[in-house]
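Here are a few notes from my pass through this one. Have a look at the model first, then see whether you read it the way I do.

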Amino acid sequence: APAPSTAVSTIPFLSGGVGDASMAQLNAREKEFDLKLFLVGQSGSYLSDIRITITDASGIGVLVTTSEGPVLLANLPAGTYNVKAQKNGHTLEQKLSVTPGKLQTTYFRFPGE
């Protein structure tokens, strides 16, 4: 039987932010995107290797990736999305609305990190 179809991501995104140069590069480009995820520990420490799953209102995965650093920028079509961030057995979820041309910044704070 054919595998269930999964949307192949055509969503432009960037992740990183480990080190000042990487962070500066992302900050310089953030205006090209409409969603910014900030992935930090409770203490504010920067995290990396976080599994990110963004699904649209109908539950289709539009972006599934592993963030290489504390910042993930994505350019999503207008709509409401469910964003799931997973690290070390912790799963954080947030529902958010995206408006193209307007950068929405969302923080995910992981307990015990």
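1. Let me start with N88, which sits in the loop between β6 and β7. Keep in mind that this is a predicted model. Is N88 buried or exposed? Exposed: its relative accessibility comes to 58%, and the cut-off for that label is over 50%.

2. You'll find D49 in the loop between β2 (35–41) and β3. D49 isn't a glycine either, yet its phi is positive, at about 55°. With a relative accessible area of 55%, D49 is exposed. As background, most residues other than glycine have a negative phi.

3. What is the strand order in the open sheet of four strands? Reading across, I get β4-β3-β6-β7, and the pairing is antiparallel. β4 (61–67) and β7 (90–98) are the edge strands; each has a single partner strand, so one side of each has no neighbour in the sheet. On average, neighbouring strands here are turned by 15° against each other, ignoring direction.

4. Last, the pairing of β3 with β6. Strand β3 covers residues 50–56 and strand β6 covers residues 79–87. They run antiparallel to each other, joined over six bridges.

Key. Residues numbered from 1 in each chain as written. Predicted model: local features only at pLDDT ≥ 70, side-chain atom pairs only at ≥ 80, totals over all residues. Heavy atoms only, no water. Pairing = 2+ DSSP bridges. Helix = DSSP H or I, 4+ residues; strand = E, 2+ residues; numbered from the N terminus. Axes fitted to C-alpha atoms, helices over the stretch in contact; angles between N-to-C directions. Buried < 20%, exposed > 50% of the residue type's maximum accessible area, 1.4 Å probe, protein only.
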